[in-house]
Amino acid sequence: MMTTQALPTALAAIVDDFQALTEPERLQLLLEFSQGLPELPDRLKDHPELLEQVVECQSPLFLTIETEKGAGPVRLFFKAPAEAPTTRGFAGVLHEGLDGLSAEEILAVPDDMPELLGLTRAITPLRMRGMTAMLGRIKRKVAASTAVRS
C-alpha cells in the first residue's frame, strides 16, 4: 500500500483504518461511512441549484462547499440517496476526512487518494472513478473559491 504521510491527519487515520482491514471488512467500513454522512442543512435542502452533480458517479451525488471569508475552514456538503451506499460511503469518507480543513490542506490531497482505501478489487472501476471524480470536483471548487478571494 502507498503511504499516508501526504494526507491531512483525519484522512490519514481513515485510510489507515481501511488498510488495516480485509476486503470484506473494508466494504463494511464503507457502509458505516455511508450511514454517518450528515444530512444537508435546511438552507441547502430547499435549494438544489446550490449543489453540483458529480456526473461521473453511477448514483446521483450532489455536493457543494462553503468557505469563510479569508483563509477559514472549508465546509463540505453532500446529497446522495440512501439506496446508494457505496456512493454515500465515499462521500462520508471525504466529509469526515476533509470537512473543516483549510483550502491548502484539501488542495494538497493526492488525486489518487481513493486508491489508498484498498477497495480497487472489491468494487467496480466505474465506482472508483466516481470517488476520484468526487475528490477532483471538491478540489476544483476549493481552487475556484480561493481564486475568487485572492
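**Exercise 1.** Is F33 buried or exposed in this predicted model?

*Solution.* Start with the relative accessible area of F33, which is 10%. Buried means under 20%, so F33 is buried.

**Exercise 2.** Find the aromatic pair and work out which parts of the chain F18 and F33 tie together.

*Solution.* Step one: the count comes to 1 aromatic pair. Step two: its partners are F18 and F33, with 5.9 Å from centre to centre and 20° between the planes. Planes under 30 degrees apart count as stacked, so this pair is stacked. F18 belongs to helix α1 (residues 9-19) and F33 to helix α2 (residues 23-35), so the pair links parts that are 15 residues apart in sequence. Now check F18 as well: its relative accessibility is 0%, so F18 counts as buried.

**Exercise 3.** Which residues of α1 are buried, and where do they lie around the helix?

*Solution.* First, list them: L11, A12, I14, V15 and F18. Next, look down the axis of α1: these buried residues fall within an arc of 160°, so they line one face of the helix. A handy reminder: an α-helix has 3.6 residues a turn, so residues three or four places apart point the same way. Finally, find the partners: the buried residues of α1 pack against α2 and α4 (85-98).

**Exercise 4.** Describe how α2 and α4 pack.

*Solution.* Begin with the numbers: the angle is about 75° and the axes are 7 Å apart. Angles of 65 to 115 degrees count as roughly perpendicular, so α2 is roughly perpendicular to α4. Then name the contact: α2 contributes L30, L31, F33 and S34, while residues from α4 include P85, F90 and V93.

Note on methods:
Residues numbered from 1 in each chain as written. Predicted model: local features only at pLDDT ≥ 70, side-chain atom pairs only at ≥ 80, totals over all residues. Heavy atoms only, no water. Phe/Tyr/Trp six-rings, centres within 6.5 Å; stacked < 30°, edge-to-face > 60°. Helix = DSSP H or I, 4+ residues; strand = E, 2+ residues; numbered from the N terminus. Buried < 20%, exposed > 50% of the residue type's maximum accessible area, 1.4 Å probe, protein only. Arc of directions from axis to C-beta. Contact = heavy atoms within 4.5 Å. Axes fitted to C-alpha atoms, helices over the stretch in contact; angles between N-to-C directions. Parallel < 35°, antiparallel > 145°, perpendicular 65-115°, else oblique.
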